[in-house]
Amino acid sequence: RLDKLIIEAFLAHEDEMLRAAQAIEAGIGSGQLALIPEQPDEADDDGTTATEGRLLARWAISRERNPGLRKRKIARVRELGLPLQCTVCAFDFSSAYGALGDGYIEVHHTLPLHISGPRETRLSDLALLCANCHRMCHRSRHGTTWRTPDELKVEMEMPARHPFQ
Ligand SMILES: [Zn+2]
Ligand SMILES: [Zn+2]
């Protein structure tokens, strides 16, 4: 049954699936994927593997934890005189936590690996998010492991359709 589902998914999103396969292949070839420990966000709530794939999800989450990239993005935002706040909900760590929260924000790739391929990250590909919105952008749900901040905003404006789920 699972084989059939995978083949159907492949046929329905052939280009995306090929790019995902190429990204995984490149990650394995470069040895990067083998070095990345399992990430807490990569499995679905019910333990199933999402479309983007555990390996890709693992890689995506780990590349966002690159401290150099985060630092450069934050420096760029400050250079532009923009506030260091969540692009979805406007949460500001320094307003909420005072000096402790000063300079803290998480970065999220607005292009997933299966779309961008394993190319070098540009600062413009990174969005600033608070920890809650970031977790929601990566939550594995209904076969997807990734959403953009804009898509998350749309989700937040939608009324709950399944209150008992
Ligand atoms: Zn937020
Ligand atoms: Zn992210």
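Donors are N, O and S atoms within 2.8 Å of the metal (3.2 Å for Na, K and Ca); water is not among the atoms, so sites may look incomplete. The model is predicted, with local features requiring pLDDT of at least 70 and side-chain atom pairs pLDDT 80 or more, while totals for chains, interfaces and linings use all residues. Residues are numbered from 1 along each chain as its sequence is written, chains are lettered from A and ligands numbered from 1 in the order written, and side-chain values use heavy atoms, without hydrogens and water.

**Exercise 1.** Determine the donors, sequence spacing and geometry of the zinc ion (ligand 1).

*Solution.*
1. Cys86, Cys89, Cys130 and Cys133 each supply SG, at 2.3 to 2.4 Å from the zinc ion.
2. The spacing of these donor residues is C-x2-C-x40-C-x2-C.
3. Cys89, in the loop between α5 (67–79) and α6 (93–97), and Cys133, in helix α8 (residues 131–138), are 44 residues apart and link distant parts of the chain; helices are DSSP runs of H or I with at least four residues.
4. The angles among the four donor atoms are 103 to 115 degrees, and the site is tetrahedral, a class that requires all angles between 85 and 135 degrees.

**Exercise 2.** Describe how α2 packs against α4.

*Solution.*
1. Helix α2 (residues 14–30) packs on α4 at about 65 degrees, with the axes 10 Å apart.
2. The two helices are therefore roughly perpendicular, the class for 65 to 115 degrees.
3. Ala20, Ala23, Ile24, Ala26 and Gly27 of α2 meet Leu55, Leu56 and Trp59 of α4, contact being heavy atoms within 4.5 Å.

Terms used: Four donors count as tetrahedral if all angles lie between 85 and 135 degrees; four count as square planar and six as octahedral if opposite donors are over 155 degrees apart and all others between 65 and 115; anything else is irregular. Axes are lines fitted to C-alpha atoms, for helices over the stretch in contact, and angles run from 0 to 180 degrees between N-to-C directions. Angles under 35 degrees count as roughly parallel, over 145 as roughly antiparallel, 65 to 115 as roughly perpendicular and the rest as oblique.
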